[in-house]
Amino acid sequence: SFLSQAADSFCLGDIVESSIRSKQNWDLLPVQAIFSSVFPGFFAHGSLQQLINFPQWLGRNSKQNRLRRIIRELAVHVCHEANVTSGNLTNDYLGLLNQKIVQPLIKEGVSGVDDALAVMETYSLTREDIDSINELVSFPGKPELFSKVETKVKSAFTRAYNKASLLTPYSTGLPRKVRFRDAEDDDEVAGMDSDADEVEKEESPAEKSLEDDGMIKRKGKSAPRGRGAGRARRRGGGRG
């Protein structure tokens, strides 16, 4: 009860803090300090006789949420054959489906693989669904039914499932991202190409006119200078 009163004090402190920040009531700071620190310390003083198992509860809560998600997925898979809800599936169907799929593998061995695959195909189940069903119907302290199947039978069952490629009315993987180009885009690209060809055709006469224009001088290659020409220039400059 003291821990409950301390938690209530923390909640009141959060309410006061929200009022301080939203309405700028900074005069309430001493009140928030009392609710957030003084009262919880007063109620929770002393020592505990046992450890607090709050972290263990977090782990169990995470597992519970995961199992609930698995049950919803199984209900979506099975609903194409049977109109069930998550509650009906857990209470009425999962145990029976587990027996129908796993018992032929235990009793008949490799020859019972076809019967197990037939049940899976009827209810649109995948290989991962079998592991999920075994986890959901198992209880602490009791071995899973699928663990009684021999290893060679499990391998044959997995190979037969992969080879059969059972069709399901739902998607079992992420679709590939494929980009399709519309016909309008193709027309625009074709139009751009044709415009570029016309521009090239229009520019080609202009280039020819530039070559024939007399006001534009084209830089040509200069003749190489010889040693004799350089000496003649130096002699002529000395005489002048």
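Serine 124 follows helix α5 and has a positive phi, near 55°. The model is predicted: local features need pLDDT of at least 70, side-chain atom pairs count only at pLDDT 80 or more, and totals for chains, interfaces and linings use all residues. Residues are numbered from 1 along each chain as its sequence is written, and side-chain values use heavy atoms, with hydrogens and water left out.

**Overall fold**

- The protein chain has 9 helices and 0 strands; helices (H or I, at least four residues) and strands (E, at least two) are DSSP runs, numbered from the N terminus.
- From the N terminus on, the order of elements is α-α-α-α-α-α-α-α-α.
- Among contacts (heavy atoms within 4.5 Å) between residues at least 6 apart in sequence, 61% join residues at least 24 apart.

**Burial and surface**

- Of the 240 residues in the protein chain, 20% count as buried; buried means under 20% relative accessible area, exposed over 50%, and partly exposed in between, with a 1.4 Å probe and protein chains only.
- The protein chain exposes about 19200 Å², of which carbon and sulfur atoms supply 53%; accessible areas come from the Shrake-Rupley method with a 1.4 Å probe, and for residues only the protein chains shown count as cover.

**Helix α5**

- Helix α5 spans residues 113-122, and its buried residues are Val113, Ala116, Leu117, Val119 and Met120.
- Seen down the axis of α5, these buried residues fall within an arc of 160°, so they line one face of the helix; the arc is that of the directions from the helix axis to the C-beta atoms.
- The cover over the buried residues of α5 includes α4 (86-107), α6 (127-137) and α7 (151-164).

**Largest pocket**

- The largest pocket has a volume of about 270 Å³. A pocket is an open set of points on a 1 Å grid over the protein atoms alone, where a 1.4 Å probe fits, with protein on both sides within 12 Å along at least five of seven lines; lining residues have an atom within 4 Å of a point. Grid points are joined across faces, edges and corners, and the volume is the space filled by probe spheres set on the points.
- Its lining consists of Lys63, Leu67, Thr90, Leu94, Glu135, Leu136, Val137, Ser138, Phe139 and Pro140.
- α3 (54-78), α4 and α6 each supply at least two lining residues, and the largest share, 3 residues, comes from α6.

**Cysteines**

- The count is 0 disulfides, a disulfide being a pair of cysteine sulfur atoms within 2.5 Å.
- Cysteine 11 is partly exposed at 46% relative accessible area, and cysteine 79 is partly exposed at 37%.
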